[in-house]
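Please consult the sequence and the model while reading.

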Amino acid sequence: MSLLIQENIALKPYTTLKTGGVARYVLTVTNLAELEEAARFIAEKKLSYLVIGGGSNILVPDEGFAGVVILNQLKGVSYLEETEDEIILEAGAGEVFDEVVSETVQKGYWGLENLSAIPGTVGATPVQNVGAYGVEMSNVIVGVDVYDMKELSVKYFSVEECEFAYRESFFKTDKGKKYFITTVYIRLKKNSTPKIAYADLQKRFLGEEPTLVKVREAIISIRSEKFPDWNVIGTAGSFFKNPVIDEEHADTLKKQFPELPMYEAGMGMFKIPLGYVLDKVCRLKGIRYGNVGLYEQQALVLVNYGDASTEEIKKFAQTIIDVVFRKTKIIITPEVQYIETK
Ligand code: EPU
């Protein structure tokens, strides 16, 4: 089989926000040989490229994308090294992340259960260091295999080399962009204690023993209450990052809004739950302009209720950014990646 090349393809169906225009080229990559072909194609055409996995964290311009979209379909799940209490999972970057999580839980391996029901593919999880309910990918990743799209060579990055931070990694930096993630190696435990410190989760297990399967079920249930079903409503999960502010700013806000929760983030900084700010401070939960709004159950989640355009979403998001700044002097930034046309 050789590389599948398609031209002028609508990207809307490939994103969970369900907006955006047409891609000049779409290449579907199912193995390393095809990835090399794709890299050569991109170099030859002198175009920029964009990798789409589940499309759950991107905002594609209405004008479309003038370069090459690569649909990552690198599959395969296997279990490598095994010790008495650990196992290393090797997962193809194009695998659906939650299918992998589900399989590990069924097999009785601990590590990914708190990351249940997150949309997207395996390959996206290191890029933005996906995290939820007290666990981040950086806690479980051993390393990743990448393909250097410029040098046409394979390379391994250890967890340290991935330079993980809150929703950040080396792969998001300018230097990191030429690396296409092909495989992710994850450390799982055969026995572990459940991580249920997160308030929402703790409430579910009052007087009940949290088994591995039950933790996954609880997370799925919590998420289904807070997040819209991305198969039905256009959404990208949290649209903004939770902001981190300095102590002086935190003190000022504490005086203004005594109930505002804040969490120490190290180096004298404090992380603020933006969902709370949008909801209780700015009273924006459930707000809706035309087809765009903030979800009724979770203010941090922006939703496309109908046929909103990317422009409408950007305008709406900017309004939210402005309101939050006026009220709190906090500068918030999107977690969702805004794609440029070229
Ligand atoms: N809150 C409100 N009103 C709201 C939403 C939240 O008052 O409308 C309060 C909650 O009561 C809670 C606090 O704000 O005290 C934080 O809310 P929550 O625990 O729901 O988590 P979050 O900060 O909104 C983050 C991640 C999610 C992740 C959850 C669970 C970010 C940007 N978001 O959300 O990740 O699933 O924690 O761990 O860090 C994503 O990145 O797309 C994502 C969904």
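Q: Is glutamate 151 buried or exposed?
A: In this predicted model, glutamate 151 lies in the loop between β10 (141-148) and β11. Its relative accessible area is 56%. A residue counts as exposed when that value is over 50%, so glutamate 151 is exposed.

Q: How many Å apart in space are glutamate 151 and serine 102?
A: In sequence, glutamate 151 and serine 102 are 49 residues apart. In space, taken from C-alpha to C-alpha, the distance between glutamate 151 and serine 102 is 36 Å.

Q: Between which domains does the ligand lie?
A: The shell around the ligand receives residues from domain 2 (77-223) and also from domain 3 (227-338). Because both domains give residues to this shell, the ligand lies between domain 2 and domain 3.

Q: Which element gives the most residues to the shell around the ligand?
A: In total, 23 residues surround the ligand, and the closest are Tyr133, Tyr166, Asp279, Lys280 and Glu335. By class, the shell holds 10 nonpolar, 6 polar and 7 charged residues. With 4 residues, the element that gives the most is α8.

Q: How much of the area that the ligand exposes when taken alone does the protein bury?
A: Several polar side-chain atoms lie by oxygen atoms of the ligand: one of tyrosine 166 at 2.7 Å, and one of glutamine 298 at 2.8 Å. For arginine 223, an N or O atom of the side chain is 3.0 Å from a ligand oxygen. Taken alone, the ligand exposes 830 Å², and the share of this that the protein buries is 85%.

Q: How many residues apart in sequence are the parts tied together by aspartate 98 and arginine 216?
A: Aspartate 98 and arginine 216 form a salt bridge, with their closest N and O atoms 2.9 Å apart. Aspartate 98 belongs to helix α2 (residues 97-106) and arginine 216 to helix α6, so the pair ties together parts whose separation in sequence is 118 residues.

Q: Is aspartate 98 buried or exposed?
A: The relative accessibility of aspartate 98 is 19%, and its salt-bridge partner, arginine 216, has 11% and counts as buried. The cut-off for buried is under 20%, so aspartate 98 also counts as buried.

Q: How many residues apart are arginine 167 and glutamate 335?
A: The side chains of arginine 167 and glutamate 335 meet in a salt bridge at 2.8 Å, N to O. Arginine 167 is in the loop between β11 (153-158) and β12 (179-189), and glutamate 335 is in the loop between α9 (310-328) and β20 (337-338). Both residues are buried. The pair links distant parts of the chain, at a separation of 168 residues.

Q: Which parts of the chain does the salt bridge of glutamate 168 and lysine 241 tie together?
A: The side chains of these two residues meet at 2.5 Å, N to O. Glutamate 168 is partly exposed, with a relative accessible area of 28%, whereas lysine 241 is buried at 16%. The pair ties together parts 73 residues apart in sequence, because glutamate 168 lies in the loop between β11 and β12 and lysine 241 in the loop between β13 and β14 (244-246).

Q: Which residues do salt bridges that share partners join into one network?
A: The count of salt bridges comes to 17. Salt bridges that share partners form one network, and the residues joined in it are Glu86, Arg187 and Lys189.

How values were computed:
Residues numbered from 1 in each chain as written. Predicted model: local features only at pLDDT ≥ 70, side-chain atom pairs only at ≥ 80, totals over all residues. Heavy atoms only, no water. Near = heavy atom within 4 Å. Polar contact = N/O pair within 3.5 Å; in protein donor to acceptor, adjacent residues only side chain to side chain. Areas by Shrake-Rupley, 256 points an atom, 1.4 Å probe, with all protein chains shown as cover. Helix = DSSP H or I, 4+ residues; strand = E, 2+ residues; numbered from the N terminus. Nonpolar A, V, L, I, M, F, W, Y, C, P; charged D, E, K, R; others polar. Domains from an automatic or database assignment. Salt bridge = Lys/Arg side-chain N within 4 Å of Asp/Glu carboxyl O. Buried < 20%, exposed > 50% of the residue type's maximum accessible area, 1.4 Å probe, protein only.
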